[in-house]
Amino acid sequence: MGRVSQAQAQENRRRVVEMASRLFREQGTGVSVTDLMKAAGLTHGGFYKQFASKEALIDEAVSHAFGELAERRATALEDHGGERPAAQRAVIDTYLSARHRDSPATGCPAAGLATDMARDPGDHGAHHAYADGVSDFADWLATEDQDGIVRLCTMLGAVVLARATKDTPLSDEILEAARAALSPAP
């Protein structure tokens, strides 16, 4: 088999990063390189041509996931004519939905990766990207009346608990209670 072109190599790398971003949010960073490459439709041997280590891929995948989250916030702002409160409300409602609860692979990296980041003692790119992503999201959620960190903690905690109690009435109750707590006062 011949060598792949530089363009194909870049496309393969992009596919691996995107797939890793999804699988890590869904299953954790313990996903094996073999399983990851298989999910991306590539061979295990190709991994080491693209990445120095699994840790390097985790760093890149976490950054990618938070980049997707930032894009969703920008789209919400655009969809709501630049009206930040309306965009925030839309993001909160989507975040605290059954669809988000049931789709961790495409969901918020703050919720999907929290346990892995807490358990990994390393001081590397993923930790910095995670902390920066959480901080940016919290800043974006802040209002005159509500601290963004409190809003994000409420949202993240609700999604994690709703996922843990999925398929029980409590799961939907948790999401609804968090939405109500974050609704603007009448």
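Two residues are in contact when they have heavy atoms within 4.5 Å of each other. By this criterion, and not counting residues up to four places away in sequence, arginine 89 touches Arg179, Leu182, Ser183 and Pro184. The model is predicted, so local features need pLDDT of at least 70 and side-chain atom pairs count only at pLDDT 80 or more, while totals for chains, interfaces and linings use all residues. Residues are numbered from 1 along each chain as its sequence is written, and side-chain values use heavy atoms, with hydrogens and water left out.

## Overall make-up

The protein contains 10 helices and zero strands. Here helices (H or I, at least four residues) and strands (E, at least two) are DSSP runs, numbered from the N terminus. Read from the N terminus on, the elements run α-α-α-α-α-α-α-α-α-α. Along the principal axes, the C-alpha atoms fill a box of roughly 65 × 35 × 30 Å.

Of the 186 residues, 40% count as buried. Buried means under 20% relative accessible area, exposed means over 50%, and partly exposed lies in between (1.4 Å probe, protein chains only). Among contacts between residues at least 6 apart in sequence, 67% join residues at least 24 apart.

Axes are lines fitted to C-alpha atoms, for helices over the stretch in contact, and angles run from 0 to 180 degrees between N-to-C directions.

| Helix pair | Angle | Axis separation |
|---|---|---|
| H4 (54–79) and H8 | about 15° | 8 Å |
| H7 (109–119) and H8 (125–141) | about 140° | 11 Å |
| H8 and H9 | roughly 110° | within 7 Å |

Angles under 35 degrees count as roughly parallel, over 145 as roughly antiparallel, 65 to 115 as roughly perpendicular and the rest as oblique.

Helices H4 and H8 pack at about 15°, and they are therefore roughly parallel to each other. Their crossing is left-handed, a term used if the near helix is turned anticlockwise from the far one by less than a right angle, with right-handed used if clockwise. On the H4 side the contact includes Ile58, Val62, Phe66 and Leu69, and on the H8 side the residues include Ala129, Tyr130, Val134 and Phe137. By class, this contact has 10 nonpolar, three polar and three charged residues. In this scheme Ala, Val, Leu, Ile, Met, Phe, Trp, Tyr, Cys and Pro count as nonpolar, Asp, Glu, Lys and Arg as charged, and the others, Gly among them, as polar.

Helix H7 packs against H8 at about 140°, which makes H7 oblique to H8. The crossing of H7 and H8 is left-handed. Pro109, Ala110, Leu113, Ala114 and Met117 of H7 meet Ala126, His127, Tyr130 and Val134 of H8. These residues divide into eight nonpolar, one polar and no charged.

The axes of H8 and H9 cross at roughly 110°, which makes H8 roughly perpendicular to H9. Val134, Phe137, Ala138 and Leu141 of H8 form the contact with Gly148, Ile149, Arg151, Leu152 and Met155 of H9. The contact of H8 with H9 has seven nonpolar, one polar and one charged residues.

## Individual residues

Arginine 89 has its place in helix H5. Its side chain reaches the backbone oxygen of leucine 182 at 3.0 Å. Such a polar contact is a pair of N or O atoms within 3.5 Å; within protein, one must be able to donate a hydrogen and the other to accept it, and residues adjacent in sequence count only if both atoms are side-chain atoms.

Serine 97 is found in the loop between helix H5 (84–95) and helix H6 (98–101). Serine 97 counts as buried because its relative accessibility is 17%. Its side chain reaches the backbone oxygen of threonine 94 at 2.6 Å and the backbone nitrogen of histidine 100 at 3.1 Å. Leaving aside neighbours within four places in sequence, serine 97 is in contact with Leu175 and Arg179.

Aspartate 167 is located in the loop between helix H9 (148–164) and helix H10 (169–181). With 75% relative accessibility, aspartate 167 counts as exposed. Most residues other than glycine have a negative phi. Aspartate 167, although not a glycine, has a positive phi of about 70°.
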